[in-house]
Amino acid sequence: MTGLLLRDLKLSVRAGGGAMIGVLFFMTVVAVIPFGVGPDLNLLARIGPAILWIGALLAALLGLDRLFQAEREDGSLDLLLMQDTPLVLTVLTKCLAHWIATGLPLVIASPLLSLFMNMEVPAIGATVLTLLVGTPAITFIGAAGAAIAVALPRGGLLVSILVLPLAIPVLIFGVSAVYAAVQDPAPFLPPFLILTALTLVFAVIGPVAAAAALRASTD
């Protein structure tokens, strides 16, 4: 599994620009908001967490269609299906590699981008923490969508359509946890725990659904 993890990390970085494309898209989404909203710093600080989460969600969707595409193109997908290692474990490893290569850079870039939105330190810290916990869920959900669309010639749009509705609860509780961290009457822990639970649930459901879809695509 370690070899597969390292291999997928290299492929994720190389394919289509990898992490750099996602970070640049994330920066673009966040950078244009102040031009549209105007110089109201209080408004920017108020909507900042939601904008960062939306930007991270959209950036995370960019490379999901390539999660199994390399194996499909070079024929190694059949080898993954026939190997002794459980396919669910293989999919889980590929999801981890994809998140490290594309999701983790978004988390690392979020504190700098928070400055564009005039966010205060508690809001920045809460945003980074919720993105760190919540973005893996998007990858796990995307694995199922990528597995369904792997046999299609233009499956990128289909993956986004399949993943986006399922990722909305992650977005809602991620943003809610950040706002709860900066507003005293609202506790931070409940929405954050729900966000954590969603990630854990999708960590189980996503690879299982992806493995089933991959097997069905080869039948």
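In the predicted model, Phe-68 is in contact with Val-91, Lys-94, Ala-143, Ala-146, Ala-147, Val-150, Ala-210 and Leu-214, when its neighbours within four places in sequence are left aside. Phe-68 also belongs to the largest nonpolar core, a set of 56 residues. Together with Phe-26, Trp-53 and Val-91, Phe-68 touches the most other members of this core.

Several helices contribute to the core. At least two of its residues are supplied by each of α2 (19–37), α3 (41–61), α6 (87–116), α7 (121–149), α8 (156–182) and α9 (189–218). The largest share comes from α7, which provides 13 residues.

Helix α7 also contains Thr-139. The relative accessible area of Thr-139 is 5%, and this residue is therefore classed as buried, the limit being under 20%. Apart from neighbours within four places in sequence, the residues in contact with Thr-139 are Leu-64, Cys-95, His-98 and Trp-99.

A residue of another helix, Val-32, is found in α2. Val-32 and Phe-116 are separated by 84 residues in sequence, while their C-alpha atoms are 9.8 Å apart in space.

Conventions:
Residues numbered from 1 in each chain as written. Predicted model: local features only at pLDDT ≥ 70, side-chain atom pairs only at ≥ 80, totals over all residues. Heavy atoms only, no water. Core = buried A, V, L, I, M, F, W, Y, C linked by side-chain atoms within 4.5 Å. Buried < 20%, exposed > 50% of the residue type's maximum accessible area, 1.4 Å probe, protein only. Helix = DSSP H or I, 4+ residues; strand = E, 2+ residues; numbered from the N terminus. Contact = heavy atoms within 4.5 Å.
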